[in-house]
Amino acid sequence: MSLIWGIIEKIAETIFRLFFRILGKEYTDGTHEALMQFVKFGIVGVSNTVISYLLYTFSLLALRALGLFSKADYIIASVIAFVLSVLWSFYWNNKKVFVMKEGESRNMFKALLKTYVSYSFTGLFLNAILLILWVQVLNISEFIAPILNLVISVPLNFLINKFWAFRTEH
């Protein structure tokens with residue numbers, strides 16, 4: 001797995017260095033670290049989306065096969081997918097994205113709780129409000145609106161996780 005992260009980092013670094021060169025800007029170590037953290041967060045997010053969908057589908061099929069909760073099976077499957085996919089995201093964000101440096105510590109339970117709050121806010125509350133804004137107020141297509149949501153929710157979720165959920169103590 002470390003090999004994959006290393007390859008991704010090399011490719012991203014090459015792209016960022018080229019982009020910065022075209023803009024005539026200096027590409028510092030600090031800039032590299034911040035951009036790579038965001039790239040890794042995005043990769044975890046994409047994997048989280050795939051995992052969430054697979055968990056939802058598997059849970060829904062399992063509930064239907066067992067004949068459980070027939071009127072609310074899709075809601076229960078959605079809750080299962082949310083709870084487990086956020087746990088997946090927490091694990092990888094903690095391990096690869098918001099890595100603690102030597103001498104830093106983090107209360108894992110508190111960070112996990114904050115991660116659930118963060119994803120609940122951006123993934124449920126904010127996305128619903130933005131969908132209403134895009135679709136009902138600005139008449140943007142229901143198919144385009146979720147993509148616009150990502151432009152807002154992903155950077156916001158990154159900042160919430162970086163500076164709140166995964167904040168370390170010295």
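This report describes the helices, their packing and the aromatic pairs of a predicted model.

## Overall architecture

The protein chain contains 5 helices and 0 strands, and along the sequence these elements follow the pattern α-α-α-α-α. Taken along the principal axes, the C-alpha atoms of the protein chain fill a box of roughly 60 × 45 × 30 Å. Of the 170 residues in the protein chain, 31% are buried. When contacts in the protein chain between residues at least 6 apart in sequence are considered, 66% of them join residues at least 24 apart.

## Helices α2 and α3

Helix α2 covers residues 29-66, and its 38 residues reach 54 Å from the first C-alpha to the last, close to the 56 Å expected at 1.5 Å a residue. The buried residues of α2 include His 32, Met 36, Val 39, Lys 40, Phe 41 and Val 44, and also Ser 59, Leu 60 and Leu 63. The elements that cover the buried residues of α2 include α1 (2-23), α3, α4 and α5. Just after α2, Gly 67 takes a positive phi of about 70°.

Helix α3, residues 73-97, has 25 residues that should span 36 Å at 1.5 Å a residue, and the 34 Å between its end C-alpha atoms agrees with that expectation. Among the buried residues of α3 are Asp 73, Ala 77, Ala 81, Ser 85 and Val 86, together with Ser 89, Phe 90, Trp 92, Asn 93 and Asn 94. These buried residues of α3 pack against α1, α2 and α4.

## How the helices cross

Two packed helices are described by the angle between their axes and the distance between the axes. The table sets out two such pairs.

| Helix pair | Axis distance | Axis angle |
|---|---|---|
| α1 and α2 | 10 Å | about 125° |
| α3 and α4 | within 10 Å | roughly 125° |

With α1 and α2 packing at an angle of about 125°, α1 is oblique to α2, and α1 passes α2 in a right-handed crossing. On the α1 side, Trp 5, Ile 8, Glu 9, Ala 12, Glu 13, Phe 16 and Phe 20 meet a set of α2 residues that includes Thr 31, His 32, Leu 35, Met 36 and Val 39. Of the α2 residues in this set, His 32, Met 36 and Val 39 are among those buried in α2.

The axes of α3 and α4 cross at roughly 125°, and the two helices are therefore oblique to each other; α3 passes α4 in a right-handed crossing. From α3 the contact is made by residues including Phe 82, Val 83, Val 86, Leu 87, Ser 89 and Phe 90, and from α4 by residues including Met 108, Ala 111, Leu 112, Thr 115 and Tyr 116.

## Aromatic pairs

A search of the whole structure finds 12 aromatic pairs. One of them joins Phe 90 and Phe 166, whose ring centres lie 5.4 Å apart with the planes at 25°, so the pair is stacked, since planes under 30 degrees apart count as stacked. This pair links distant parts of the chain, because Phe 90 is in helix α3 whereas Phe 166 is in the segment after α5 (145-165), 76 residues apart. Phe 90 counts as buried at 10% relative accessibility, and Phe 166 is buried with a relative accessible area of 2%. Phe 90 also belongs to the contact between α3 and α4. Ring pairs link Phe 90 and Phe 166 with Phe 38, Phe 41, Phe 98 and Phe 158 into a cluster; of the residues in this cluster, Phe 41 is listed as buried in α2.

A second example is the pair of Phe 121 and Phe 125, which is tilted, with 5.8 Å centre to centre and 35° between the planes. Both residues lie in helix α4 (residues 108-137), 4 residues apart, about one turn of the helix. An α-helix has 3.6 residues a turn, so residues three or four places apart point the same way. At 33% relative accessibility, Phe 121 counts as partly exposed.

## Leu 133

Helix α4 also holds Leu 133, which is partly exposed, with a relative accessible area of 32%. Leu 133 and Ala 145 are 12 residues apart along the chain, and their C-alpha atoms are separated by 9.0 Å.

Definitions and conventions:
Residues numbered from 1 in each chain as written. Predicted model: local features only at pLDDT ≥ 70, side-chain atom pairs only at ≥ 80, totals over all residues. Heavy atoms only, no water. Phe/Tyr/Trp six-rings, centres within 6.5 Å; stacked < 30°, edge-to-face > 60°. Buried < 20%, exposed > 50% of the residue type's maximum accessible area, 1.4 Å probe, protein only. Expected span 1.5 Å × (residues − 1). Contact = heavy atoms within 4.5 Å. Axes fitted to C-alpha atoms, helices over the stretch in contact; angles between N-to-C directions. Parallel < 35°, antiparallel > 145°, perpendicular 65-115°, else oblique. Left-handed = near helix turned anticlockwise from the far one by under 90°.
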